[in-house]
Amino acid sequence: SSVWPMMFGLACCAIEMICTAASRYDFSRFGMEVMRPSPRQADLMIVSGTVTKKMIPQIVRLYNQMPEPKYVVAMGACASGGGPFKEGYNVVSGVDQYVPVDVYIPGCPPTPQALLHGLITLQKKIDTQSIRNVRWYQKEAIEAIPVPVLGPDVIDPRQYALIKEHSMQKLAEEQQKAAEQARLAEQAAAGQTDGHATEQPAENHQA
């Protein structure tokens, strides 16, 4: 259960993570000696800070590059559920929408003591795991998580079928609305034509 965290920080929570790694709190006491600069050498991702839509593709890509077994800790309110920026146009409401999270650490930002408690909780979870139920010991191949596509909004490739269904439904509604407007316009034009036709004989009679 001596996990190797990846050197990966996003926002103000990363400052507390750095403090936890420094000499005062020193999480190397728990087997986390050095933060790894590469996902190939790490088995723990600490998502520390606000997850923006521009950053989530990189987070998923780094997660896919980490070898199994691997774990994710959502550090702070922003990584867990969006935090104070939850309704922001450019913020993802929780990293667990794209990668599986093992431990959530509340706080804005969490203290180093809270991060240590979360890491110890993760170690306890690892100690209770069995090769019979963890996914990386199964015979089935583990598929990589599709990297989200960043456009006018962030798109999860796993939601393509649902997005297509909603798009087709919206297109059908717009076509139906356009057809109804065209029908009303034709009726209005026909009514004006009938009005001119009935008024013309009256004008001739007066003449």
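Modeller: A residue is buried if its relative accessible area is under 20%, exposed if it is over 50%, and partly exposed in between (1.4 Å probe, protein chains only). This is a predicted model, in which local features need pLDDT of at least 70 and side-chain atom pairs count only at pLDDT 80 or more, while totals for chains, interfaces and linings use all residues. Residues are numbered from 1 along each chain as its sequence is written, and side-chain values use heavy atoms, with hydrogens and water left out.

Biologist: Is Y25 buried or exposed?

Modeller: Y25 counts as buried because its relative accessibility is 18%. For the chain as a whole, 33% of the 207 residues count as buried.

Biologist: How many helices and strands are in the chain?

Modeller: Helices (H or I, at least four residues) and strands (E, at least two) are DSSP runs, numbered from the N terminus. The chain has five helices and five strands. Read from the N terminus, their order is α-β-α-β-α-β-α-β-β-α. Y25 belongs to the loop between α1 and β1.

Biologist: Which residues does Y25 touch, not counting those up to four places away in sequence?

Modeller: Contact means heavy atoms within 4.5 Å. On that basis, Y25 touches C19, T20, P112, Q113 and L116. P112 is 87 residues from Y25 along the chain, yet their C-alpha atoms are separated by 7.2 Å. In the chain, 75% of the contacts with a separation of 6 or more join residues 24 or more positions apart.

Biologist: What is M35 in contact with, leaving aside its neighbours within four places in sequence?

Modeller: M35, also in the loop between α1 and β1, is in contact with P5, M6, M7, M17 and F27. M7 is 28 residues from M35 in sequence, and the two C-alpha atoms are 5.2 Å apart. M35 counts as buried because its relative accessibility is 15%.

Biologist: In which sense do β1 and β2 pair?

Modeller: Two strands pair if DSSP finds at least two bridges between them. Here β1 and β2 run parallel, with five bridges. Strand β2 spans residues 71-75, and five of its five residues are buried. Y71, V73 and M75 point one way, while V72 and A74 point the other way.

Biologist: Which residues of α2 are buried?

Modeller: An α-helix has 3.6 residues a turn, so residues three or four places apart point the same way. In α2, the residues I56, P57, I59, V60, L62 and Y63 are buried. Their cover includes β1, β2, β4 (149-150) and β5 (154-155).

Biologist: Which backbone oxygen does the side chain of K53 reach?

Modeller: A polar contact is a pair of N or O atoms within 3.5 Å; within protein, one must be able to donate a hydrogen and the other to accept it, and residues adjacent in sequence count only if both atoms are side-chain atoms. The side chain of K53 comes to 2.9 Å from the backbone oxygen of Y89. K53 is in the loop between β1 (44-48) and α2 (56-65), and counts as buried because its relative accessibility is 17%.

Biologist: Where does K70 lie in relation to the face of Y63?

Modeller: A charge sits over a ring if NZ of Lys or CZ of Arg is within 6 Å of the ring centre and within 35 degrees of the ring normal. K70 lies over the face of Y63, 4.1 Å from the ring centre. The side chain of K70 also reaches the backbone oxygen of Y63 at 2.7 Å, and one of its polar atoms is 3.3 Å from the backbone oxygen of M66. K70 counts as buried because its relative accessibility is 6%. A second case is R36, whose charged end sits over the ring of W4, 3.9 Å from its centre.

Biologist: Which backbone features deserve a second look?

Modeller: Most residues other than glycine have a negative phi, and most peptide bonds are trans. The bond from E68 to P69 is cis, with omega near -5°, and P69 is in the loop between α2 and β2. Another cis bond joins C108 and P109, with omega about -10°. D26 has a positive phi, near 50°, and is partly exposed because its relative accessible area is 25%.
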